[in-house]
Amino acid sequence: MFNAIVSANTLQATLDSVGVLVDECKIHMEEDGLEIRAVDPANVGMVDLSLSAEAFESYEADGGLIGVNLVRLQDIAGMADSDQLVHLELDEETRKLHISIDGLEYTLALIDPESIREEPDLPDLDLPANIVIEGRDIDRAVTAADMVSDHIELGVDDAEEVFYVKAEGDTDDVHLELDTDDLIDLVVGAASSLFSLDYLKDMNKAIPADAEVRMELGEEFPVKMHFDIADGEGAVTFMLAPRIQSN
Amino acid sequence: MDWTEKYRPSTLSEVRGNDKARDALKKWARTWDDHRDAVILHGSPGVGKTSAAHALANDMDWPTIEFNASDTRTKDVIEQVAGEAAKSGTLTAGSSGRRVVIMDEADNIHGNADRGGSRAITSLVKEAGQPMVLIANEFYDMSNGLRNACQDIEFRDVSKRSIVPVLRDVCRKEGIEFEDAALASIAEMNSGDLRGAIKDLQAQAEGKDRITEDDVISGERDRTEGVFDYLDTVIKKAGPQEALEASYDVDETPDDLINWIEDNMPKDYEGEELARAYHYLANADRWLGRVRATQNYSFWRYAGDNMTAGVAAARDGEKGGWTRYGPPSYWSKLGRTRGTRDKRDYVAQQIAETAGVSMSTARRDVMPHLSVMTHHCKNRELTVAMAARYDLEAEHISFVTGSGKDTNKVQSIVEDAAELREELAADNADGAFEGESEAPGIDDEDGPSGDDEPDSGETAAAETGGSETQTTLTGESTEESADDESATEDTADDDQQAGLGDFV
């Protein structure tokens, strides 16, 4: 059983966070909220999302699992104005999801969850550096780096106590340093890793400009980025494997 | 459940029949950190390449990303997915974490669905930071660049000796009784193909608890016969019926098969029987011509009857010994004469456009006369006029006149022809572009063909007509009917689509 009413805003933010990595995903409908975990086809980027029941206007579920085509669902959610309410109801008989937005009824055929790529385990990593940064600063760094290169180095200089972003292109370079004044918080540790800009660009799209993003970094290790959606009722973690430094 | 999946080896040590390749693969993986090369596993279908790759990944504890022919493998997909997978570390261990990218059927990346994929893979193996395993049936179907960038390991056909124990194992695990001879003949039938053998075993065992040799023999699968073996059959010993039936297993179309037979049959036949065989081949060819003219492919059966049963029936007795059969010389002849034919067609096309005739008319009725009149450029003035009129280069003049293309004679004709063309162009331009400075420039290019603009539609129609006649061996006059047809089509088109004029 699943029957919920949610604001279009929240639904769109939720779907966008997952949709930047995969086209289809499994959604766990637990009693206390939704949970989604997915990894992209190359096994390089991962998203872990939870949206508590409090984020909904009304929420009823008893622990079912559905598979959805995210592209479709995003399109449907996009039909609603941001302050409209979206009613979602699962028809257990036909295995279809009924979606209604102000009189507009849409019946979405679901995908067999078995056919969707297996959900990864959330790797338990102990990453030394912790940076808390505003979403818009990530956007600045990624946008600038994208002009010169297809990968980006994120790191922390422990001596100077700065978080830095470097992108080296064939001819041009981009460099950005943020010190403790620019950041919300910084825990220094040895950290520098190279990442694919394609993925960071996509993830950046899902990060709200005013979000407080907690970034965990290590030495040639994956990066984790945690931020909240739906006024703190939903939590998203992006994780991205590092590029191998070519020598 | 599919037994080939159920009993797929989970570790390299369970991979059967290719010990050498298996050890080489293990060594490649162990030493990967030193050489960082990709590896190509190649060999016939069903010998265990894919199984070995997955077993290896399992042994090494490498997560896998696999692509096979059912995935879209365009340049973009390969760069994005395989590229990121091969250039990135893992989510659990970062840059030092290993992941293997397995590209199955890597010799089969072509066609529209995989546009640019092959090149993308070649550049990817060079810059990959993770181990990559490419799997292919035909090593040499892959580009040279790709082959050179990778190590390669050949998987040989699995011998019957190695197949039988595997089948025996499977039977024991499935609790099926068997006759040894049954397993032996399954192994025999699948010469070299272990997967095929297991599949056959499962098909035989379906719903039974015992496999006997009799079951096996009746369940043999269809196989294709090589064309050389077939030639041996039809030319040396088979009767008409056998020759015809054996041809069903040959993977050649009648158009190709007739060339194979026609080219090799005279190596064994002589005298009367040779004449009779040619008679049947001529019949077959006539039927093939009808197929082309009418697009009625059911005529293929008559072509097939004639070229197989007919040729076999024409033979006196049986032939012995071994004959070196070869691919049809017709094909290599086409290749060798390509240059000459291109020249001939160019000249014919120029004549056709200028004179408003079909290409075949130009070729059959006009070119021979031109050739005589300008023989060895004796009539120089006429040759220059011809070259100017039809816009011919030195090689074309040489083709028509028979004079060497590098001779001074021909070169000077080309120069004179160019001058003559300019003069003509200037003359034509007099009226239209009087006083305009760029007029000669425009006319240089457009003058002669501009003359014929109204004809171009006709030329196109004539061309189709021309090629129809060329391919029809029966001499039936399809040219006219084809033209008629296109004419009727034109009017039909007019009827369906109202023009603006209809409303004025």
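Visitor: How many helices and strands does chain B have?
Guide: This is a predicted model. In chain B there are 25 helices and seven strands.

Visitor: What share of the residues in chain B is buried?
Guide: Of its 504 residues, 34% are buried. Sequence separation is a further way to read the chain. Among the contacts in chain B with a separation of 6 or more, 71% join residues 24 or more positions apart.

Visitor: Which residues touch the most other members of the largest nonpolar core?
Guide: A nonpolar core is a set of buried nonpolar residues joined through C-beta atoms within 7 Å. The largest one here has 132 residues, and A:Val18 and B:Leu134 touch the most other members. Beyond its neighbours within four places in sequence, B:Leu134 contacts B:Ala38, B:Ile40, B:Met103, B:Ala106 and B:Cys150.

Visitor: How many residues does each chain bring to the contact between chains A and B?
Guide: Chain A gives 19 residues and chain B gives 17 residues. On the chain A side, 12 are nonpolar, five polar and two charged.

Visitor: Now a sheet. In what order do the four strands of the open sheet in chain A lie?
Guide: The order is E13-E12-E11-E15, with antiparallel pairing. Strands E13 (173–179) and E15 (191–196) of chain A are the edges, since each pairs on one side only. Neighbouring strands of this sheet are turned against each other by 15 degrees on average, direction ignored.

Visitor: Which residue is the bridge partner of A:Val156 in E12(A)?
Guide: The partner is A:Phe163. Strands E11 (residues 151–157) and E12 (residues 162–168) of chain A pair in the antiparallel sense over five bridges.

Visitor: Which helix lies across E11 and E15 of chain A?
Guide: Helix H4 (residues 197–206) of chain A does, running at about 90 degrees to E15(A).

Visitor: How many residues of strand E18 of chain A are buried?
Guide: In a regular strand the side chains alternate between the two faces of the sheet. Strand E18 (residues 234–240) of chain A is mostly covered, with five of its seven residues buried. Seven bridges join E18(A) to strand E4 (residues 45–52) of chain A, in antiparallel fashion. Strand E17 (residues 223–229) of chain A is also joined to E18(A) by seven bridges, again antiparallel.

Visitor: Which residue of E18(A) does A:Val47 stand opposite?
Guide: A:Val47 stands opposite A:Phe238, and A:Met225 also stands opposite A:Phe238.

Visitor: Which residue takes a positive phi in the hairpin of E17(A) and E18(A)?
Guide: Four residues lie between the strands, and A:Ala230 takes a positive phi near 55 degrees.

Terms used:
Residues are numbered from 1 along each chain as its sequence is written. Chains are lettered from A and ligands numbered from 1 in the order in which they are written. This is a predicted model: local features need pLDDT of at least 70, side-chain atom pairs count only at pLDDT 80 or more; totals for chains, interfaces and linings use all residues. Two residues are in contact if their C-beta atoms, placed from the backbone, lie within 7 Å. Ala, Val, Leu, Ile, Met, Phe, Trp, Tyr, Cys and Pro count as nonpolar, Asp, Glu, Lys and Arg as charged, and the others, Gly among them, as polar. Helices (H or I, at least four residues) and strands (E, at least two) are DSSP runs, numbered from the N terminus. A residue is buried if 20 or more other C-beta atoms lie within 10 Å of its own, exposed if 12 or fewer, and partly exposed in between; C-beta atoms are placed from the backbone. Two strands pair if DSSP finds at least two bridges between them. Axes are lines fitted to C-alpha atoms, for helices over the stretch in contact, and angles run from 0 to 180 degrees between N-to-C directions.
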